[in-house]
Amino acid sequence: MISALAAALTLSVLFGLGDSAVADLRFRAPDDLAGRVGCYAAAVLSYFSLFAAVLVPVAFLGRLLMSSTPRATGLGRLLTLGLFLGLLAELHWWTGPLVSDDHPALSPERMGVLFIQAVSAALLAMLLAKALLRLPRGFQLLVRLLGLGSIAVGSWFLSSEAGQLESRGVINDRNRELPNVLLVVVDALRQDHLSCYGTSEVRTPNIDALAERGVLFENYFVQAPTTLPSLGSILTGKYPRRHGLVDQRAGVRLRPGVTIPLHLKSAAISSSTLSLREGDYLTATFMTGAVSNSSGLAQGFDAYSEDLQGRDLVEVDSQWSRFRSELLIWLIKNSLTQRTDSERVVTTARSWLREHAARRWMALVQLSSVHPPHELSSRLREEYLDVSYNGQVEYLGADLSDSIEAGDFVPSEADLTRIRDLYQAGAATADALFGELVAELEQLGILEDTLIIFTSDHGEDLGEWRTPVAQDELQARRAWEHDHMWQSNLRAPLVMANTRLLPHGQRFSDLVESVDLLPTMCELLGLELPRGTEPDDLI
């Protein structure tokens, strides 16, 4: 056992400090020295816990099977094993995507890459283990003492970081009469693929139920046919040229300003002389791939998760929570969780709701089952997809649509049906996931105390025929995916419900835009519009 703990201490210093340095370069640790030291020490503690959990049982079994093994030999083997596992994880994470992302997980190509990575990790592990054992005993002891010191400092730091959000969302005289707010945005969901909007091809009972106890808007339009600009308008009440997310590309960020979560911490209450304060609402956003903290769309939220970025739920006020989201040990853990839980966004959101049910909160949940590659419910996959289909369409992504538009691939009627079926199954899956969130609220006893807003950021084209406006293009052509300023991309669903604030079962045909969501929410909650803004600034 002593050899296992000694090996774990040495390995935790090597990998904990090394991983922290890489995370520091990518993310930048806290500016203050105490915060930086605390984060590095907590990383060493995390790695020690992992290596000890692996090496102690291995050492115990080894002692039972080979009781005569010299201590030095046992330490060398344990160091080699730990180095092999750590180096394999590093090599696989940092080099794997460069050569194997385009192939299925169990393809010969990826298995070959994994074999090369394993052989390389094994050779490096043996060399490094020998080098470590040849170091002066005093130096080896110093490394282990550094590990013990880091564990002590890391434990103290984590205890000081605990409970950063405990004071947020506590019910008080300012927020007592206000509801929670659940905003659900489905990526690329068309209005005409919900049964409450008239289709008979897709069954969406949970969204239908929301419409029956609330209001449905028949002519709701988003401001842009892509995710980032559209979500920017939803959260700020401004057109893209005002909020800064004018297109869908890396490096474009939402400009600093008032967003829905920020306004719920500072808005003046219309019927009172009081104003909401920082901490009156606890806010969180649960995002998928296209939406990330780097876009600025998490601005104003107390916590955020980025599912396809491999990020766990990050608490903004916690130095350790932000730092650990960049550590390899947590990135791998989240990647494995994502592979085993296709509903991870909803799973994380439901867990957060259970934890904070007694507080006043606002949450944004982004669902992506409609968006390729379609994370579908197995039951709904069987219900909506033709099992006899043997074509090559797995989903309608950029590669396929580009190939179709270039004339390299001509889809058959069966292919077109498959594309539509996948989309319909995605819409039904989104409804099922939304139903899980509503069921969680009902089970927690806070459904009636929550304003629910269900919408999407834009629609999708599924190969419908379009006739270009240009005079020299008289032939009709098919349109695919989104990024088109057509109704199929801009007309979106919008359903809202709350027993106290809204009528039941009403449909409105008035023209409504996504920039209207923030002021509409303010009107329903009895809040003034953002202070210090002129009408022109809102749009």
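This is a predicted model: local features need pLDDT of at least 70, side-chain atom pairs count only at pLDDT 80 or more; totals for chains, interfaces and linings use all residues.

Residues are numbered from 1 along each chain as its sequence is written, and side-chain values use heavy atoms, with hydrogens and water left out.

I searched the whole structure and found 8 aromatic pairs, where rings of Phe, Tyr and Trp (its six-membered ring) pair if their centres lie within 6.5 Å, with planes under 30 degrees apart counted as stacked, over 60 as edge-to-face and the rest as tilted.

One of them is the tilted pair of Phe15 and Phe51, with 5.6 Å from centre to centre and 40 degrees between the planes. This pair links distant parts of the chain, since Phe15 lies in helix H1 (residues 2–27) and Phe51 in helix H2 (residues 33–65), 36 residues apart; helices are DSSP runs (H or I, at least four residues), as strands are (E, at least two), numbered from the N terminus.

I found both Phe15 and Phe51 buried, a term for under 20% relative accessible area, against over 50% for exposed and partly exposed in between (1.4 Å probe, protein chains only). Phe15, Tyr47 and Phe51 form one aromatic cluster.

I then turned to Arg324, which lies over the face of Trp330 at 4.5 Å from the ring centre; a charge counts as over a ring if NZ of Lys or CZ of Arg is within 6 Å of the ring centre and within 35 degrees of the ring normal.
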